[in-house]
Amino acid sequence: MEPIVNKVWEAILRARLVEVEVSARHVHLSPADLITLFGPDVELIPKRPLSQPGQFLSEQRITVIGPKGRMERTAILGPVRPATQVELSQSDCVKLGVKAPVRESGDVAGSGVCTLEGPCGSIEIPEGAIIAHNHVHLTPDVANMMDVHDKQRVSVQVLTERPVTFDDVIIRVSEKSRCKMHIDFDEANAALVNGFTLGRIIT
């Protein structure tokens, strides 16, 4: 059965199709901020692995607070990162009253301000709140097969009952990647994404 499944996936990728995943609001914490929020000697406890190798949803949750509201039990993804980052949708930003720019993950300079509250303390992050730029993770061999390269901007047509084409989607190529497109809940709702969904890469 496995060779057949592999052949099916290869045919899908050769057709420049990629699975679309919906990324809910979440937080990445720095080691120092993790200690402030959860206390000394704390470690993130994996609950389940994510599609990208080495990343996981943690058991711990956090509250994100803005001028207009708060969002309890926001997911924390591991492992820890050098800088704390809060990834929100535009709808989240409106509810919280947070002004967050559309950025690639890790590009937090001058981004939005919010407060994080954990069981042992709270912190205001002076920057770090972003709306994640939609993107496609590819391995080098698949990128070569699709004739695209790292940091290239492409269009992706999401194949649903309400097909939507997203422009300016960033290609991210890494040996550690699994081939997935990541969009947020606002984008998913606009395209009626529900369950297993494919998108076609257009250059």
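**Close-up views of a predicted model**

View 1. At 41% relative accessible area, L192 falls between the 20% and 50% cut-offs, so L192 counts as partly exposed. Keep in mind, here and in every other view, that this is a predicted model. You'll find L192 in the loop that runs between helix α5 (residues 185-190) and strand β14 (residues 198-202). The backbone is what makes this spot worth a stop: the phi of L192 is positive, at about 55°, even though L192 is not a glycine.

**View 2. K151, another loop residue with a positive phi.** K151 sits in the loop between helix α4 (residues 140-146) and strand β11 (residues 153-159). Its phi is near 75°, which is a positive value in a residue other than glycine.

**View 3. P79 and a cis peptide bond.** Look at the loop between strands β5 and β6, which is where P79 has its place. The peptide bond leading from G78 into P79 is cis, and its omega is near 0°.

View 4. T139 belongs to the loop between strand β10 (residues 135-138) and helix α4. Its relative accessible area is 14%, under the 20% cut-off, so T139 is buried. The side chain of T139 makes a polar contact with the side chain of D141, at 2.5 Å. Setting aside residues within four places in sequence, T139 is in contact with V173, S174, E175, S177 and C179.

**View 5. S58 and its polar contacts.** S58 is part of strand β4 (residues 56-65), and with 0% relative accessibility it counts as buried. Which backbone oxygen does the side chain of S58 reach at 2.9 Å? That one belongs to I76. A polar atom of the S58 side chain also lies 3.2 Å from the backbone oxygen of Q60. Leave out the neighbours within four places in sequence, and S58 is in contact with L44, I45, P46 and K47, plus I76 once again.

**View 6. The largest nonpolar core.** This core has 23 residues, and those touching the most other members are L29, I62, V64, V86, C114 and L116. Helices α2 (31-38) and α3 (90-96) each give two or more residues to this core, and so do strands β4, β5 (70-78), β6 (85-88), β8 (112-118) and β9 (121-132). Strand β9 supplies the largest share, four residues. Zoom in on L29: not counting residues up to four places away in sequence, L29 touches L34, L37, F38, I62, I76, V80, R81, T84 and L116. Another core, of 22 residues, lies apart from this one and includes V156, I183, A191 and V193.

**View 7. The largest pocket.** The volume of the largest pocket is about 1100 Å³. It is lined by 45 residues, and S23, H26, Q55, L77 and H182 are the closest to its centre. Which strand gives the most to the lining? That's β1 (residues 17-23), with five residues. Sorted by class, the lining holds 17 polar, 15 charged and 13 nonpolar residues.

Terms used: Residues are numbered from 1 along each chain as its sequence is written. This is a predicted model: local features need pLDDT of at least 70, side-chain atom pairs count only at pLDDT 80 or more; totals for chains, interfaces and linings use all residues. Side-chain values use heavy atoms; hydrogens and water are left out. On a 1 Å grid over the protein atoms alone, a cavity is a set of points where a 1.4 Å probe fits but cannot get out, and a pocket is an open set with protein on both sides within 12 Å along at least five of seven lines; lining residues have an atom within 4 Å of a point. Grid points are joined across faces, edges and corners, and a volume is the space filled by probe spheres set on the points. Ala, Val, Leu, Ile, Met, Phe, Trp, Tyr, Cys and Pro count as nonpolar, Asp, Glu, Lys and Arg as charged, and the others, Gly among them, as polar. Buried means under 20% relative accessible area, exposed over 50%, partly exposed in between (1.4 Å probe, protein chains only). A polar contact is a pair of N or O atoms within 3.5 Å; within protein, one must be able to donate a hydrogen and the other to accept it, and residues adjacent in sequence count only if both atoms are side-chain atoms. Contact means heavy atoms within 4.5 Å. A nonpolar core is a set of buried Ala, Val, Leu, Ile, Met, Phe, Trp, Tyr and Cys residues joined through side-chain atoms within 4.5 Å.
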